[in-house]
Amino acid sequence: RGVLLEVEGSKYLLQTPEAAEWSAEYQQHSQSLRSDTAWLSDQRDQLLRKVFEGIEAKLKPRQGESMVTRRVRLSYGNEQPTVAEGEIPVWIRDGWSVTERSVKDDALSAGTESETVFVFVPKAMSDDLQQAMVQAEAAKRTIDLRPVPTTDDGKHARSGLITRREDGRERASRLAAQIIGAARVLQAGGNEISEDDLEKSLARAVDNAVLRLYLEFDRADDK
């Protein structure tokens, strides 16, 4: 005997009892995750940082005729980053935790001699990102916690949740990349660096920061 389940507005799907159990557990995990603000914040941070890590791997500033490579360090959160001597700090914050005005004020206060690069990620597509994150994790938890089914109905339900998990992960990653793509890059002193995309904006800002950090390098490099 089947269970009539509403799936989209006025659309309904006839489910077997076993499939309904899988669906009910998925919905329980979804509801729990939507109310777990700590998990939502942590998961969002992980997704955004993963995008930045991909960009960081391409940031390899080189200076002078001798092409000396300089080090870049990405820092997150509201505490001003502490970096080792010779590193270019890129301080990244987002609209979920701080206002754009605060980031601009910090950049301005740092002054034009500072090598710090400031990045602000606007709060955008928040609901869509949350939905994708919850879908992926709720499906994962349901799959991980339930015994592997032996019946055709159970196998079909599990397969459907695997598809949901992968779809949620893909959408979350895509949305994170789109959100990061709208980030604003500021040089210390307040000047905004705007190129064709974020990677190019960061590369230019980092190159400028290298020149600030090593003011006398080019003169010595020419000797």
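**A quick tour of the chain**

Okay, let's start with the surface: the chain exposes about 13,100 Å², and carbon and sulfur atoms supply 46% of that. Keep in mind that this is a predicted model. As for the inside, buried residues make up 38% of the 223 residues in the chain.

What about the overall layout? You'll find seven helices and nine strands in the chain. If you take contacts between residues at least 6 apart in sequence, 67% of them join residues at least 24 apart.

Let's go to helix α5, residues 152-181. How far apart are its end C-alpha atoms? They are 44 Å apart, and that agrees with expectation, because 30 residues at 1.5 Å a residue should span 44 Å. Now look for its buried residues: among them are Gly154, Ala157, Leu161, Arg165 and Gly168.

Helix α2 has 20 residues and reaches 28 Å from first C-alpha to last, close to the 28 Å expected at 1.5 Å a residue. Its buried residues are Trp39, Leu40, Arg44, Leu47, Leu48, Phe52 and Ile55.

So how do α2 and α4 sit relative to each other? The axes of α2 (residues 37-56) and α4 (residues 126-145) come within 11 Å and cross at roughly 105°. That angle makes α2 roughly perpendicular to α4. By class, their contact has six nonpolar, two polar and three charged residues. On the α2 side you can pick out Trp39, Leu40, Gln43, Arg44 and Leu47. Facing them from α4 are Leu129, Gln130, Met133, Val134, Glu137 and Arg141.

Is Ser75 buried or exposed? Its relative accessibility is 12%, and buried means under 20%, so Ser75 counts as buried. Who is around it? Leaving aside neighbours within four places in sequence, Ser75 is in contact with Pro81, Val90, Trp91 and Ile92.

Note on methods
Residues numbered from 1 in each chain as written. Predicted model: local features only at pLDDT ≥ 70, side-chain atom pairs only at ≥ 80, totals over all residues. Heavy atoms only, no water. Helix = DSSP H or I, 4+ residues; strand = E, 2+ residues; numbered from the N terminus. Buried < 20%, exposed > 50% of the residue type's maximum accessible area, 1.4 Å probe, protein only. Contact = heavy atoms within 4.5 Å. Areas by Shrake-Rupley, 256 points an atom, 1.4 Å probe, with all protein chains shown as cover. Axes fitted to C-alpha atoms, helices over the stretch in contact; angles between N-to-C directions. Parallel < 35°, antiparallel > 145°, perpendicular 65-115°, else oblique. Nonpolar A, V, L, I, M, F, W, Y, C, P; charged D, E, K, R; others polar. Expected span 1.5 Å × (residues − 1).
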